[in-house]
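Thanks for coming. I will go through a few parts of one model and say what touches what.

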Amino acid sequence: MADASPPTSPDAATEIAAAFVLPAARLADLVTALRMEGYAVHGPMVRDAAIVLGPLADAVALPHGWTTRQSPGGYRLERRTDAAVFGFTHGADSWKKLLHPPRVRLWSAERQGADFVVHEDAPAPAKLALFGVRGCDLRAIAAQDKVLLHGPYPDAEYAARRAEAFIVAADCAEPSGTCFCVSMGTGPSARAGFDLALAELDPHGDAHRFLVRIGSPRGGAVAAQLDLAPAAGADIAAAAALADIAAANMGRAMDKDAARALLPAQRESAHWQDVAQRCLTCANCTMVCPTCFCTTVEDTSDLSGDIAERWRQWDSCFTFEFSHVVGATVRESASARYRHWITHKLSAWYEQFGESGCVGCGRCITWCPVGIDITAEVAALQDLSQRDPR
Amino acid sequence: MSDNRKTLAVWKFASCDGCQLSLLDCEDEFLTLADTIRIANFTEASSAVIAGPYDLSLVEGSITTTHDAERIREIRAQSRSLITIGACATAGGIQALRNFADVEEFRRVVYARPDYIETLATSTPIAQHVKVDFELRGCPIDKRQLLEVLSAFVHRRRPVVRADSVCTECKRRGTACVMVAQAQPCMGPVTHSGCGAICPAYGRACYGCFGPMESPNAEALIAGWQRHGTGEPDVVRAFRTFNAGAAAFRNASEKHGA
């Protein structure tokens, strides 16, 4: 059984012991070093007209020279004029799919005569390296740690995947049109919860390089293998300047404190009906959200009746099944379902977990097929409440 | 062989036989199936027919003639449980396009001897004629889901068949949304899951083969397509396929079509 506490706690402030420089041409060495350490390295790559996360055999597979243009309900993969590797924000999925997988068999049972035996599916040993984790996603992982590791019932599957996960963070230099990490206090730079953090500098020419910050002893050991040159003060300043520019260029903004108070107060607002007109109740927002953790359990038996299995898979508060209790679904209307989701995410999450459930990544905005924008819905409710204060 | 197996009959109405073939396509599981259930009447598989009544009838196809409207009542009367399989049986199928057209005109134009043709003006789902215990969606149905429904029937439990959107399957599968990333007019957000989100995994928008999901909002989806430049004729075509007769899809196509 893996140790339930991850080696890198994203809640703890990380001392930046040192910073080094990795020439872009040597990025492959970092991937190789991780592979040599026995990690299955996963990172961004171009697939399905999008940037998605997949197993990285080498650094060549990374999205060199690609970016994305994002808007509510819109995502376009585009060529950059430079060779930036992290010249995009995030893609169609999140690290959740690796740490909290979409579908897992929990156990099976087999009939033996008049009795039966249960085979528990021990979590598969995983030694994952997550390559290119953004500031918002570090905080999303920390949020899932709170729910799935640090609660009264730690999740064995998550714990097994999380315990050894090596995190290579990547600072954002160019936010997308749906980003609002600054509002949520989670980005654009990696602050804590990583083993190594990369900041990409000068992707235009021969000086293309990465500033490498060390976030853990384990990260330091991997960096040491690469025999990197120490970073000059100018490089550290350049990375900080890029972060400042990124912070000033957020696509969206949200007043998170206002949202926290507003949503419970606006429970009866007519605005929920307005959202319901537009909402597909398709569940995409929850599936792409890097903090949404809900699952459902399915029990099946085979034809012979000799084998039974229990599977767990991602569920969503937008499905009927989710709030189905004896004989009926509690939240039948789209308005009730959207209200439940956004209220939990931005308000009730504080009561449960002491923080907002939103990290400002903007995935729910981009990947909503009809572009419902969580920041715009909050703003609309704020507007209405100011006009008609209760 | 002492036989306490439950008996199964498979019936065909207006349909292409594809859903029945899904049963035959169970190849690996078929022997277990035959051990568990007595296949009493399945003429596509065997000409040996055992007379009813039957514990379970699987019904494929829609009702398009007065004769079939009678026949389904007889089948219901001799079936303890009746499960419909496929878009024809659950929504009227592609042949429900006739519901939007003048069948009398078809008869005159298509057939040399129109007087030989006796047909109803509509293609309707089985549930519009008799009580149905469970409807399995799809054009064709999914073989895994069919086995699940049969297993659930045999072991008297509720089948694990979700009614949420195809999007949930795309996301669990890890497919990037073709509507958001490629501006394709995808039916996934209003379509019942069950196929495993096959088409988007191959870069093609969902066709809606499994019919409306549990809470379809077709108008919101169409508004989204229109922002990507989808015109009204394409909207109507998208909603008028295998599940054209399903209420949510029919309402959408009638609102946006002639």
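I start in chain B with helix α11, residues 232-239, and helix α12, residues 247-256; their axes come within 9 Å and cross at roughly 160 degrees. Axes here are lines fitted to C-alpha atoms, for helices over the stretch in contact, with angles from 0 to 180 degrees between N-to-C directions. That crossing makes α11(B) roughly antiparallel to α12(B); the label covers angles over 145 degrees, while under 35 is roughly parallel, 65 to 115 roughly perpendicular and the rest oblique.

This is a predicted model, in which local features need pLDDT of at least 70 and side-chain atom pairs count only at pLDDT 80 or more, whereas totals for chains, interfaces and linings use all residues. Residues are numbered from 1 along each chain as its sequence is written, and chains are lettered from A and ligands numbered from 1 in the order in which they are written. Helices are DSSP runs of H or I with at least four residues, strands are runs of E with at least two, and both are numbered from the N terminus.

Which residues meet between the two helices? From α11(B) there are B:Glu232, B:Val235, B:Val236 and B:Phe239, and from α12(B) B:Phe249, B:Ala252, B:Ser253 and B:His256. Contact means C-beta atoms, placed from the backbone, within 7 Å. By class, this contact has five nonpolar residues, two polar and one charged. Nonpolar is Ala, Val, Leu, Ile, Met, Phe, Trp, Tyr, Cys and Pro; charged is Asp, Glu, Lys and Arg; the others, Gly among them, are polar.

Next, the domains of chain B. The assignment gives domain 1 as 6-154 and domain 2 as 166-256; such bounds come from an automatic or database domain assignment. Their centres, taken over C-alpha atoms, are 25 Å apart. Domain 1 of chain B puts 16 residues into the contact and domain 2 of chain B puts in 13. On the domain 1 side, the largest share is three residues from helix α4 of chain B, residues 87-91.

Chain A has its own α4, residues 156-163. Seven of its eight residues are buried, so α4(A) is largely enclosed by the rest of the structure. Buried means 20 or more other C-beta atoms within 10 Å of the residue's own, exposed means 12 or fewer, and partly exposed is in between. The buried residues of α4(A) pack against α2, β6, β8 and α3 of chain A.

Last, the chain interface: 40 residues of chain A contact 37 of chain B. The chain A side has 19 nonpolar, 13 polar and eight charged residues.
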